Structures are given as structure tokens and as C-alpha cells.
Amino acid sequence: MQQAHIPQQRTDRQPVVIRVQGLWAGYDHQPVLEAVNLTVKQGDFIGLIGPNGGGKTTFFKVLLGLLAPWQGTVEIMDCAVRQGRRYVGYVPQQVDCDRAFPVTAWDVVMMGRLGHRSILQRYTRQDAQQVSLALQSVDLLHLKNRAVGTLSGGQRKRVYIARALATEPQILLLDEPLASIDPQMETHIYDLLKTLNERITILMISHDIGAIAACVKTVGCLNRTLYYHGDDHITSEMLEMVYQCPVDLIAHGVPHRVFPKHLSEEISDD
């Protein structure tokens, strides 16, 4: 039975946690982001879609302070990125690791506490408490002593989310969090993200339109520049501007599926 769509509440009273104005950035004198503007408010859950090479991961690098803007301003929690990034947790799309290396889920999540201590300082009881809370929030505390290499893909993804949560972030950046995850585990991660969004602002990159439609509050399309209107509707017009080809939206409600027209369809459309 199709569930009725309930509009998400988003008011102007919420404080701004990320403000991007006139952002240009790129590599080797080649622009990847052009005139990007975005205002993110506390409690937002924004999904970003767009083609490969459209600048989604580059945008996250700017927010994390890993890539300096060529032009424009970026503020996080009313601070410059260098100061504001301490409020940001990040889950990368892919984490390369030696499956045979004997590092436990606890060890990996504890890495999220490195920013809360000085060099050579020992971990504290507070660090251990935060790691326990992070693992508990992703329902993996019972596997804390399990070697990460022996965990399933979905479990490892939750470990990396827990590592980001151990930083005690107010903002969470997720780059393709459902990549290589089986459909059954996707549902668990959807529910986890919705729960986390009750206290953490989330920006999520995904190529999966269904994933975006299933759990985010608002949607933006990024291909060098950003098309974002602060609502949860994915329209054909938005996608055609971003993907620069005809796009059909199939089905109604959640999730949506998107299919570009094939060459044969353009020649003969029965």
C-alpha cells in the first residue's frame, strides 16, 4: 500500500549551519564547481545528485577544508572552514583497507576521537564513552571486538558512520553511503540516517535516485553549478538541466526511478 506523502517541516527560524556563496573551485586551472550557492539550516537532510564528474565529491572536499575555493565564501557554523570543519563528520564513499589487518571495529571508531586530543595524549574515559555511544547508535556495539575485515559490507559501512559520529559532529557528510550495500541492509541504513537526522544535519551524495527520495527532506542537483530550491521534488526539468539529456520519471511516490531515453527510442518511439 502506498504511503501518503507528508511534507517535511522546514522553517526559516532554524539557524544556518553552512553558507556557500559564489563558490568556484577545481583542479589544475580546470573549474569543477561554478557559482555554487547553498544555505543549509540546522536539521536539514539534503540529498545531492548529479552525473559523474559533476563536482559532488569536490564540493565535499571544499566543505572539509581539503580544497581551497578559487572564488566565493564558505562558512560552517558562522566560521571559516578551517575553524568550522571541527563540527563536521565525514563518511567517504570508499575506504581502502587490508582485510587481513587485525584492526577491530572499536579501533576504527576510536580513530574518530583523534581530533579531540593532542599528539601523544592517551585516550580518555570520555573517548571510550563516545565510541561506545557511536557503535550503539549504529547497532554494532556487540561486534566491537570483531576484526573489520570479517564484517559484511553493510556492517563496515555502519562502522565508518560510527567513526564519523565519534567526532561528535553537528553536520554529517555522506558520500554514497549505500554503495555496494545489499537491498535489505539499505533499509536499515535508511532508518539509521532518519534517526540521526533528529539531532544532526545531513548532506548526502548518491547516484541512487530511489535512495534520495526515500530518506532525504530536500534535493539538489549538482553538475558544476547547483540547482537547489529547498524542496523534496525531483522533476524531469531539474534532471534534464543537470544530466543534459531527456529524462523520464517512472512511478509515483517513493522511491522514484529515473531512466534516460535510449538512442533506439529517439529513432522509433512506438
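Is L114 buried, partly exposed or exposed? In this predicted model, L114 is partly exposed, because its relative accessible area is 44% (buried means under 20% relative accessible area, exposed over 50%, and partly exposed in between, with a 1.4 Å probe and protein chains only). Residues are numbered from 1 along each chain as its sequence is written. Local features were required to have pLDDT of at least 70, and side-chain atom pairs were counted only at pLDDT 80 or more, whereas totals for chains, interfaces and linings use all residues; side-chain values use heavy atoms, with hydrogens and water left out.

The chain contains 9 helices and 12 strands, where helices (H or I, at least four residues) and strands (E, at least two) are DSSP runs numbered from the N terminus. Of the 270 residues in the chain, 44% are buried. The accessible surface amounts to about 15,100 Å², and carbon and sulfur atoms hold 49% of that area; accessible areas come from the Shrake-Rupley method with a 1.4 Å probe, and for residues only the protein chains shown count as cover. Among the contacts (heavy atoms within 4.5 Å) with a separation of 6 or more, 65% are made by residues 24 or more positions apart.

L114 is placed in the loop between helix 3 (105-110) and helix 4 (125-137). Together with M111 and Y123, L114 forms a nonpolar patch on the surface, and the accessible area of the three residues together is about 280 Å². Patches are made of residues with over 30% relative accessible area and no salt bridge; like charges are joined within 9 Å, and nonpolar side chains (Val, Leu, Ile, Met, Phe, Trp, Tyr) within 5 Å.

R113 is also found in the loop between helix 3 and helix 4, but R113 counts as buried, because its relative accessibility is 2%. When residues up to four places away in sequence are not counted, R113 touches Y123, Q126, D127, Q130, V131, A166 and E168. The side chain of R113 makes a polar contact of 2.9 Å with the side chain of D127 and one of 2.8 Å with the side chain of E168. A polar contact is a pair of N or O atoms within 3.5 Å; within protein, one must be able to donate a hydrogen and the other to accept it, and residues adjacent in sequence count only if both atoms are side-chain atoms.

The model holds 3 salt bridges, each defined as a side-chain nitrogen of Lys or Arg within 4 Å of a carboxyl oxygen of Asp or Glu. In one of these, D127 pairs with R113, and the closest N and O atoms are 2.9 Å apart. Because D127 lies in helix 4 and R113 in the loop between helix 3 and helix 4, this pair ties together parts that are 14 residues apart in sequence. D127 counts as buried, at 3% relative accessibility. E168 forms a salt bridge with R113 as well, with 2.8 Å between the closest N and O atoms. This pair links distant parts of the chain, 55 residues apart: E168 is in the loop between helix 5 (153-165) and strand 7 (171-175), and R113 in the loop between helix 3 and helix 4. E168 is partly exposed, with a relative accessible area of 37%. Through shared partners, the salt bridges join R113, D127 and E168 into one network.

A further salt bridge connects E34 with R224, the closest N and O atoms being 3.1 Å apart. The two residues lie in distant parts of the chain, 190 residues apart, with E34 in strand 2 (residues 30-41) and R224 in the loop between strand 9 (218-223) and strand 10 (225-228). Both partners count as partly exposed, E34 at 24% relative accessibility and R224 with a relative accessible area of 36%.

The model also contains 1 aromatic pair. Rings of Phe, Tyr and Trp (its six-membered ring) pair if their centres lie within 6.5 Å; planes under 30 degrees apart count as stacked, over 60 as edge-to-face and the rest as tilted. The pair of F60 and Y90 is edge-to-face, at 6.5 Å centre to centre and 85° between the planes. F60 belongs to helix 1 (residues 56-63) and Y90 to strand 6 (residues 88-91), so the pair ties together parts that are 30 residues apart in sequence. F60 is buried at 1% relative accessibility, whereas Y90 is partly exposed at 28%. Helix 1 is mostly covered, with 6 of its 8 residues buried: K56, T58, F59, F60, V62 and L63. Helix 1 is followed by G65, which has a positive phi near 80°.
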